[in-house]
Structure formats: structure tokens, C-alpha cells
Amino acid sequence: MRRNDKMGWIIAIVAIAATIAAAVATAIVYFEKKRKDDEDLDHYLDCSIQ
């Protein structure tokens, strides 16, 4: 029974690590896209004013 307990903990730790990695990747992609959209908007507004 102890082997199953250790295996369960290992699986849980790996699942938590994967969840955290996915959340970090999602945040990076979101903020990178937002930054790019802001730059595009600034460029559009600068060009339209001139």
C-alpha cells in the first residue's frame, strides 16, 4: 500500500507542476498579445494624426 501512496504523491506533484506551467504560459501569451495590440494601436493613432 505504501508504494501506491508514493506513486499518488508523485502524480499529484507532476499534475500541479503542469498546471502551474500552463498558467504561466497562458499569462505570458496574454500579456505579450496585449503589448503587441497596444503597440499596433499606438502606431495606428500616430499615423492617423499625421
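The legends below accompany an overall view and several close-up views of a predicted model.

**Figure 1. Overall view of the protein chain, which has one helix and zero strands.** In this predicted model, the C-alpha trace of the protein chain spans about 75 × 5 × 5 Å along its principal axes. The radius of gyration of the protein chain is 22 Å, whereas a compact globule of 50 residues would have a value near 10 Å. Of the 50 residues of the protein chain, 0% count as buried, and the accessible surface comes to about 5000 Å², with 68% of that area belonging to carbon and sulfur atoms. The protein chain carries 7 positive and 8 negative side chains, and the centres of these two sets lie 19 Å apart.

**Figure 2. Close-up of a nonpolar patch on the surface, formed by Met-7, Ile-10, Ile-11 and Val-14.** Together, the four residues of this patch have about 390 Å² of accessible area. Ile-10, one of the members of the patch, is found in helix α1. Because its relative accessibility is 48%, Ile-10 counts as partly exposed, and the cut-off that matters here is that a residue must have over 50% to be called exposed.

Figure 3. Thr-26 counts as exposed because its relative accessibility is 53%.

**Figure 4. Close-up of the salt bridge between the side chains of Lys-33 and Asp-37.** Side chains of opposite charge can pair when their charged atoms come close. In the pair shown here, the distance from N to O is 3.2 Å, and both Lys-33 and Asp-37 lie in helix α1, where they are four residues apart, about one turn of the helix. The two partners fall into separate accessibility classes, because Lys-33, at 52% relative accessibility, counts as exposed, while Asp-37, at 38%, counts as partly exposed. The structure holds five salt bridges, and this pair is one of them.

**Figure 5. Close-up of the salt bridge in which the side chains of Lys-34 and Asp-38 meet.** The N to O distance in this salt bridge is 3.9 Å, which can be read against the cut-off of 4 Å within which such a pair is counted. Asp-38 and Lys-34 are separated by about one helical turn because they are four residues apart in helix α1. Asp-38 is partly exposed, with a relative accessible area of 38%, and Lys-34 likewise counts as partly exposed, in its case at 40% relative accessibility.

**Figure 6. Close-up of Arg-35 and Glu-39, whose side chains meet in a salt bridge.** The N to O distance between these side chains is 2.5 Å. Glu-39 and Arg-35 are four residues apart in helix α1, so about one helical turn separates them. With 43% relative accessibility, Glu-39 counts as partly exposed, and Arg-35, with 39%, is also assigned to the partly exposed class. Salt bridges that share partners join Glu-32, Arg-35 and Glu-39 into one network.

Methods:
Residues numbered from 1 in each chain as written. Predicted model: local features only at pLDDT ≥ 70, side-chain atom pairs only at ≥ 80, totals over all residues. Heavy atoms only, no water. Buried < 20%, exposed > 50% of the residue type's maximum accessible area, 1.4 Å probe, protein only. Helix = DSSP H or I, 4+ residues; strand = E, 2+ residues; numbered from the N terminus. Rg over C-alpha atoms; globule rule 2.2 N^0.38 Å. Areas by Shrake-Rupley, 256 points an atom, 1.4 Å probe, with all protein chains shown as cover. Lys, Arg positive; Asp, Glu negative; His and termini not counted. Charge placed at Lys NZ, Arg CZ, Asp CG, Glu CD. Patch = residues over 30% accessible without salt bridge, like charges linked within 9 Å, V, L, I, M, F, W, Y side chains within 5 Å.
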